[in-house]
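Thanks for making the time this morning.

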Amino acid sequence: MARSAVRASGSGPRCHCGTPIVHTPGKVPRVYCSDRCRKAAKRAIEQWQRAGQATSGGNPGHLGKVSTEFRAPSDLGKDGVSPTPVARETRSRERRAGRFADRRTLWRISSIPSCRGCGRYAMDPDAGLILARTADDNAVVLGTLKCGKIWFCPVCSAKIRHGRAQEITTAVVTWLRQGGRAMLVTFTARHAASHQLADLMDAIQGTRADKDNAIARQPGAYQRLISGAAWAGDKRRRINPEGIRGRIGYLGMIRATEITVGLANGWHPHIHAIVLFGGTTEGERGDQRVTGVFEPSVSAMAEFEDHFRGVWTRHLAKVDPSFEPSDEHGVDFKPLETEQDATDLGEYIAKVQDGDKAISPANELARGDMKDGRFGNMAVFQLLHRIGELMSGLAEDEATGEGSLSWCLVRWREYEVTVAGRRAIEWTRYLRPLLGLVGGDSEEDDLDHLFALDGATEIRDGAHLETAAWHRITHAELDLAATEATEAGCWATLEDLVLAAGGKASEMRILTPGEITEAWERTLANLADRRERAAARRAIEAAGPGRN
């Protein structure tokens, strides 16, 4: 009699991608659900081994090539076997604890006022704060200031980049389902310890206009890629009316900039971009719409790749010959051929910058906070973490990363000054409407996303804290403990934390869901009223004396 296959139950063996494993009695147990996952795990293991063997070297002209090889879709151990759910939960909690600790370091060292107050000060001191538990047992702290700085704040960055990753995934999957094409392109420049971050960023991203717009903004290598007659065409000339853009059916790009730094090779900013192409469109600007899809010819794609490589390299060499990358390392192309590629890459592009080695391949663009530096370099949130460790008294050779405290502080200050006002993730203008999406790339959009998360789920219960009590909790570094107590609904524990921080039991009050909603709406209404009165006052002051 044929043996029946034994299908894994909900608690049974699963592939690292989460798919239950089907085992047949008498046969060797399977570890992966498909050949695709097996290959992904193999690549992840090989990449981990290469990273462990890599050294910083000390070459003053280090290229710092960025690997775009996808890693496995979830956390893997050294043997390629997925950890248990308990291990994943532990890892997640460790990551969050690290982000909270790093934000406390940011409070101490940042030159940006909103970063020094993020999660620390009350939006309305008279109203206090609300620690609420959602229906899915997450904690929401209502009423604290949020900086929304994707470059600087490890807590805000993780939330914003997670949302950006979902948006990117939606865009690319939508386009592939329509029959379009997509490609991941990584751009890097040659860099050395002597180079200033501002010079490298100006070269690849372009300069910024001054506050008075007296100095015009100058395009960088990235902007040069999609300008000029060779790219855009010239309808007045028969030889190239549609340009490379028309021949490949270019729709737009989603760009994310990532920055690492190291003692030996200095700053290493680089760009990951998803290029969407293979479409025909009608209309102009905001009224543009997709009318069809097609497969670009081999010659058109070769022309496109040659154009990107040539323009990128020539512009960097023109700005500073020492920035010029080699043909091998300057621009790297990787096609996205399936929806799974797109889903993986959405997070891979939005990656975060705290240096987590167990990064999903979907994080390359948006999730810069979850990525390690390579070749001796540190991701910027690793730099922030090392500063915190050194400031706490940990010896240099025991702390994460490299560099003395003074060296790390100088690098962080240089980083803050250089990237402030720049966009970490940016879409080509009008690309979102073409794909049926809404949104933007500004800091205001990032803040909107954070506040939208506060009201995204149903509130189960919570507690009100007076502002003084929360200030004592953050000063005593008990903000994470208070958040975890809220998640568990342990209000007695939260009261103990208030008392341990030097507060009084009377400074905390348990609230019903209805009371939480009313209190939060009052806070928002008071803030809106204050903004209106402040705007009116500024208008009167701007009008000058003697004017109404």
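When I say polar contact, I mean a pair of N or O atoms within 3.5 Å, where, within protein, one must be able to donate a hydrogen and the other to accept it, and where residues adjacent in sequence count only if both atoms are side-chain atoms. With that in place, the side chain of Glu-258 makes such a contact with the side chain of His-272, at 3.3 Å.

Before I go on, please keep in mind that this is a predicted model, that local features need pLDDT of at least 70 and side-chain atom pairs count only at pLDDT 80 or more, whereas totals for chains, interfaces and linings use all residues. Residues are numbered from 1 along each chain as its sequence is written, and side-chain values use heavy atoms, with hydrogens and water left out.

Glu-258 itself lies in strand β6, residues 252-262; helices (H or I, at least four residues) and strands (E, at least two) are DSSP runs, numbered from the N terminus. Is Glu-258 buried or exposed? At 3% relative accessibility, Glu-258 counts as buried, a word that I use for under 20% relative accessible area, with exposed meaning over 50% and partly exposed in between, for a 1.4 Å probe and protein chains only. The C-alpha atom of Glu-258 is separated by 9.0 Å from that of Val-380, although the two residues are 122 apart along the chain.

A second polar contact joins the side chains of Thr-188 and His-268, at 3.5 Å. Thr-188 has its place in strand β5, residues 181-188, and is buried, with a relative accessible area of 2%.

Let me turn to charged pairs. A salt bridge here is a side-chain nitrogen of Lys or Arg within 4 Å of a carboxyl oxygen of Asp or Glu, and by this rule the count comes to 22. One of them is formed by Glu-484 and Arg-93, whose closest N and O atoms are 3.8 Å apart. That pair links distant parts of the chain, since Glu-484 is in helix α16 (residues 479-488) and Arg-93 in helix α2 (residues 85-109), 391 residues apart. Glu-484 is partly exposed at 30% relative accessibility, and Arg-93 is partly exposed too, with a relative accessible area of 38%.

Another salt bridge joins Arg-289 to Glu-282, with the closest N and O atoms 2.9 Å apart; Arg-289 counts as partly exposed at 47%, and Glu-282 counts as partly exposed at 41%.

In the salt bridge between Asp-441 and Arg-432, the closest N and O atoms are 2.6 Å apart, and here both Asp-441 and Arg-432 are buried. These two residues belong to a network of salt bridges that also includes Arg-164, Glu-167 and Asp-446.

Next, the aromatic side chains. Rings of Phe, Tyr and Trp (its six-membered ring) pair if their centres lie within 6.5 Å, and planes under 30 degrees apart count as stacked, over 60 as edge-to-face and the rest as tilted. The structure holds 12 aromatic pairs, among them the tilted pair of Trp-231 and Phe-304, at 6.5 Å centre to centre with 45 degrees between the planes. Trp-231 lies in helix α7 (residues 229-232) and Phe-304 in helix α9 (residues 298-319), so the pair ties together parts that are 73 residues apart in sequence. Trp-231 is buried, with a relative accessible area of 1%, and Phe-304 is buried at 0%. Both rings are members of a cluster, linked by ring pairs, that also takes in Phe-187, Tyr-250, Phe-277, Phe-308, Trp-312 and Phe-333.

Finally, the chain as a whole. It has 18 helices and 16 strands, and of its 548 residues, 48% count as buried. Taking contact to mean heavy atoms within 4.5 Å, 66% of the contacts between residues at least 6 apart in sequence join residues at least 24 apart.
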